[in-house]
Amino acid sequence: MGCLGFAPSTRQLIAALNRSLFHDIFDLDIGGYRFRVEGKLLRRSPTLKILLSSPSILFEELWLDRDGSLFNYILQYLEDEKSFEVPSDRLICRFLKLEANYFGLPRLEALLSEHLARTDPEVKMPFQESSEKKQIYKCLGGCRPLSMTVAF
C-alpha cells in the first residue's frame with residue numbers, strides 16, 4: 001500500500017524502481033515548468049534534500065509552488081556555483097534572491113545581494129547608524145524616523 005492507503009499504480013512502481021535502482025532521477029513540476037533532474041544535484045539544496053527524503057516522493061513527482069522560470073538559475077548554480085553568472089537583469093536578481101533563500105542557498109543569496117548593491121542604487125547595504133545619529137535619536141526620546149526604499 002502506498003501513501004494514504006492507496007495501492008500505487010504499475011507506472012508509479014516502475015518509476016520508483018527506475019529512480020532508486022538505476023538513475024536517481026526526479027521529475028519536478030516547479031510552478032508549471034517541468035524538469036527532470038538527477039537527485040545528487042538536487043540534494044545540494046538543503047530544502048530539496050529534505051523534500052526528496054520524503055517517502056511519498058518515491059511514487060509521485062515533486063511539485064513546488066515556486067517560480068519555475070527562475071528554477072533554471074537555481075539548477076545552474078547547484079551544478080557549478082563557481083562558474084555561475086549572475087543575471088544582468090536586476091529584477092530577475094531580486095526575485096532569484098528570494099528563491100535562493102527558499103532553497104537554502106545563502107552563498108547565492110549573498111552573491112546576488114553584492115551584485116545588486118553594486119549595480120542598483122535603490123538596494124542599500126545593511127543600515128549602519130553613526131554614533132552621532134544615535135545620540136540625536138536618544139535626545140529626541142528614542143524616536144527614529146522610518147524611511148524605507150522599496151523598488152521592484
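**Close-up 1. His115 and the residues around it.** Leaving aside neighbours within four places in sequence, His115 is in contact (heavy atoms within 4.5 Å) with Val86, Pro87 and Cys93. His115 is found in helix α6; helices here are DSSP runs of H or I with at least four residues, strands are E runs of at least two, and both are numbered from the N terminus. At 13% relative accessibility, His115 counts as buried. Buried means under 20% relative accessible area, exposed means over 50%, and partly exposed is in between, with a 1.4 Å probe and protein chains only. A word on the model itself: it is predicted, so to speak of local features pLDDT must be at least 70, side-chain atom pairs count only at pLDDT 80 or more, and totals for chains, interfaces and linings use all residues. Residues are numbered from 1 along each chain as its sequence is written, and side-chain values use heavy atoms, with hydrogens and water left out.

**Close-up 2. The whole chain, for orientation.** There are seven helices and three strands in the chain. Follow the sequence along and you get the pattern α-β-β-α-α-β-α-α-α-α. The chain has 152 residues, and 27% of them count as buried. Of the contacts with a separation of 6 or more, 56% come from residues 24 or more positions apart.

**Close-up 3. A three-stranded open sheet.** The strand order is β2-β1-β3, with mixed pairing. Two strands pair if DSSP finds at least two bridges between them. At the edges sit β2 and β3, each pairing on one side only. From one strand to the next, the twist averages 25°; axes are lines fitted to C-alpha atoms, for helices over the stretch in contact, and angles run from 0 to 180 degrees between N-to-C directions. As a bit of background, strands of a sheet pair through backbone hydrogen bonds, either parallel or antiparallel. Here β1 and β3 pair in the parallel sense over three bridges, while β1 and β2 go antiparallel over six bridges.

**Close-up 4. The β1–β2 hairpin and Asp29.** Two residues sit between β1 and β2 in this hairpin, and Gly31 in the turn has a positive phi of about 55°. Ile30 stands opposite Tyr33 in β2. Asp29 faces Arg34 in β2, and its bridge partner in β3 is Trp63.

**Close-up 5. Helix α4 against the sheet.** This helix lies across β1 and β2, running at about 20° to β2. Gly68, Leu70, Phe71, Ile74, Leu75, Tyr77 and Leu78 are buried in α4. Seen down the axis of α4, these buried residues fall within an arc of 160°, so they line one face of the helix. The arc is that of the directions from the helix axis to the C-beta atoms. What covers them includes β1, β2, α2, α3, α5 and α6.

**Close-up 6. The largest nonpolar core.** It has 26 residues, and those with the most contacts inside it are Leu28, Leu42, Phe71, Ile74, Leu105 and Leu108. Such a core is a set of buried Ala, Val, Leu, Ile, Met, Phe, Trp, Tyr and Cys residues joined through side-chain atoms within 4.5 Å. Elements giving two or more residues to this core include β1 (25–30), α4 (68–79) and α6 (106–119). The most comes from α4, with six residues. Zoom in on Phe71: neighbours within four places in sequence aside, Phe71 is in contact with Leu28, Ile30, Phe35, Leu42, Leu48 and Phe103.

**Close-up 7. Arg44 in its loop.** Arg44 lies in the loop between α2 and α3. With a relative accessible area of 45%, Arg44 is partly exposed. Not counting residues up to four places away in sequence, Arg44 touches Leu78, Glu79 and Leu105. Arg44 and Leu105 are 61 residues apart in sequence, and 8.9 Å apart in space, C-alpha to C-alpha.
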